[in-house]
Amino acid sequence: MAFDFKVRFDVSALPIDEYTRVSVDKKGNGVSVADQHDDNLDCAEELGFEHGEWFNDSDKRASLGAKARPEWDRYLDKVRAGRSGGINIWDVARASRDLGIGFELVKIVRDYGLKGFRVISSSTALVYDLSDDIQANDFQEELVKAEKEALVIRRRVRRAHKRKARRGELSGGPRRKFGFIDAYNNLHHAEERDLIREADDFLREQGRPMKDLVKAWGARGVVTPEIWTNDGSKIVFKGGQPFNHTRIKDMLLRSINAGYARYRDGELIGKLPGDPVLEPANYLELREILASQKRGRPRTNVFLLTGFGVEKLRCGPCRSWMAGAANGTGASKEQIAKGWKVRPYYRCTHNPYRPGRVGCLQSIDMVQLDEILTGAAFEWWTDPERLARDVVIHTDTAEVRELDHKLSVYEARHERLVLSTEPGVEKSLATLEARMASLREQRERLVSPAIRQATTLEQILERWNSGPEARREMVREAYRVIEIWPPEDGGKGFRRFDSDRIKAVFADQPPS
């Protein structure tokens with residue numbers, strides 16, 4: 001279909017400019033900028049075009065969604081001003097994979113009326129006059145073809161990476177990484193491995209902030225190693241750089257620390273040979289902690305007994321729910337300077353948005369309370385007498401939620417069909433009602449005592465050891481409520497941890 005073209009600039013006599021960047025040919029071989037430049041010059045000479053200005057974005061890699069390239073943007077400004085007779089590129093496919101620049105060129109030629117604007121593909125010696133509607137359509141068809149080829153290649157690469165991950169193979173990059181002499185074979189660098197374990201203990205076990213670790217490593221002179229390519233031809237990462245917040249976090253989030261090739265959607269995939277730097281369960285817990293932290297702010301969503309929709313920890317005297325606070329026990333700056341330990345805690349606080357929650361401000365150490373309650377919950381779950389009673393065992397809440405969602409969708413559709421007067425609606429209603437009945441039956445089986453009683457000790461242990469999130473859910477499910485009471489000596493120990501202050505009611509016990 002011809003487009004409406006009004007000539008504003010005749011650029012047919014102007015020189016043809018050139019654009020290059022790092023590329024690959026159809027066989028996947030790399031084509032350097034220098035080689036592209038030589039091919040473009042040879043093609044211009046063969047076709048009798050005058051070579052104009054050279055625009056080069058050699059330091060930018062092509063990728064889906066890549067950022068705009070400065071030299072390309074500068075060239076487009078020149079085109080819009082009517083000062084370019086066209087562009088010489090090594091391959092038309094470049095115009096497809098570079099943010100749709102080919103279609104952008106066609107639009108600019110049409111909008112600005114650039115008569116005689118040509119695109120030369122030096123690798124194929126093809127010339128397209130974009131001011132001619134037939135040649136412009138041919139050019140765009142070539143772009144679509146190139147984009148389809150690129151999508152096929154990207155799918156093949158992704159599948160190859162997945163196959164490698166399933167086999168426990170890494171997808172690329174240098175063998176030398178921080179903590180590893182050879183990451184492909186899981187061969188550790190002893191000193192750096194110990195630093196990774198130290199960082200895990202610092203952040204996960206001790207619960208200390210990242211900024212303290214950055215300061216500690218900076219004071220000891222811990223720096224990044226110098227890393228070369230596998231063939232030793234050039235430096236990939238310059239060494240000697242101090243570790244900041246981002247470098248430590250990126251280093252700790254690598255799945256190879258847990259001895260796996262990849263981490264995806266909460267799972268570790270592809271077991272590497274040898275022993276891991278960090279135990280997988282500890283690595284997953286550390287990931288969760290790092291994901292919940294924001295630089296310069298306290299942790300969020302890591303409290304065991306409080307949070308959105310979790311009402312387990314209650315103040316005994318006030319009967320109001322306690323809240324978690326990760327920024328310490330309220331010690332003053334002077335007290336902290338004198339060596340006071342700042343630890344997270346649970347506190348009974350006033351909430352003006354919830355009637356009856358007045359708060360008496362009593363608090364209790366979070367770390368010690370979580371530790372005691374986690375141990376007691378594990379004993380409760382694995383207690384042979386409780387297993388024999390089969391009172392409360394885990395239900396697959398994720399599957400129940402999925403069934404509830406499907407039921408809500410079907411119920412909404414059922415309401416619409418009931419009001420419909422279309423022919424054949426009775427048959428559709430009958431089919432839909434049968435599906436809803438089947439879903440309700442599945443849900444009833446999931447939450448019925450018969451299903452709950454089927455859980456074994458092995459299943460409990462498997463769930464407990466599957467990761468920190470599952471363990472946290474099991475701890476919450478083990479308790480009906482936990483109450484915190486002031487110490488017997490009154491206000492003197494208002495914040496002091498004392499196991500006598502804890503009154504826990506397990507899920508199989510009647511409410512207090």
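Colleague: In what order do the 5 strands of the open sheet stand?

Modeller: The order is β5-β2-β6-β8-β9, with mixed pairing; two strands pair if DSSP finds at least two bridges between them. Strands (E, at least two residues) and helices (H or I, at least four) are DSSP runs, numbered from the N terminus.

Colleague: Why are β5 and β9 said to stand at the edges?

Modeller: β5 (51-56) and β9 (126-129) each have a single partner strand, so one side of each lacks a neighbour in the sheet. From one strand to the next, the twist averages 20 degrees.

Colleague: What kind of model is this?

Modeller: The model is predicted, with local features needing pLDDT of at least 70 and side-chain atom pairs pLDDT 80 or more, while totals for chains, interfaces and linings use all residues. Numbering starts from 1 along each chain as its sequence is written, and side-chain values use heavy atoms, leaving out hydrogens and water.

Colleague: How do you know that β8 is joined to β9?

Modeller: β8 (residues 118-121) has 4 bridges to β9, and the two run antiparallel. S121 is opposite L126 of β9.

Colleague: Which strands does helix α1 lie across?

Modeller: Helix α1 (residues 33-47) lies across β2 (16-20), β5, β6 (86-89), β8 and β9, at about 155 degrees to β2. Helix α2 (residues 70-80) also packs on this sheet, where it touches β2, β5 and β6, and makes about 145 degrees with the direction of β5. Angles run from 0 to 180 degrees between N-to-C directions, and axes are lines fitted to C-alpha atoms, for helices over the stretch in contact.

Colleague: Why are α16 and α17 called oblique?

Modeller: Helix α16 (residues 457-464) and helix α17 (residues 468-478) have axes that come within 8 Å and cross at roughly 120 degrees. Under 35 degrees counts as roughly parallel, over 145 as roughly antiparallel, 65 to 115 as roughly perpendicular, and the rest as oblique. The pair is therefore oblique. I460, R463 and W464 of α16 meet A470, R471, E473, M474, V475 and E477 of α17, contact being heavy atoms within 4.5 Å.

Colleague: What makes the buried residues of α16 line one face?

Modeller: I460, R463 and W464 are the buried ones, which means under 20% relative accessible area, with exposed over 50% and partly exposed in between (1.4 Å probe, protein chains only). Down the axis of α16 they fall within an arc of 100 degrees, so they line one face; the arc is that of the directions from the helix axis to the C-beta atoms. Exposed E458 and E462 are on the face turned away from the buried side.

Colleague: Why are α7 and α8 described as roughly perpendicular?

Modeller: The axes of α7 (residues 210-220) and α8 (residues 245-252) come within 10 Å and cross at roughly 105 degrees. That angle is in the perpendicular range, so the term applies. M210, L213, V214 and W217 of α7 touch H245, I248, K249 and M251 of α8.

Colleague: What is the order of the 3 strands in the other open sheet?

Modeller: The order is β17-β18-β19, and the pairing is antiparallel. β17 (323-325) and β19 (363-365) are the edge strands, pairing on one side only.

Colleague: How much of the protein counts as buried?

Modeller: The figure is 39% of the 512 residues.
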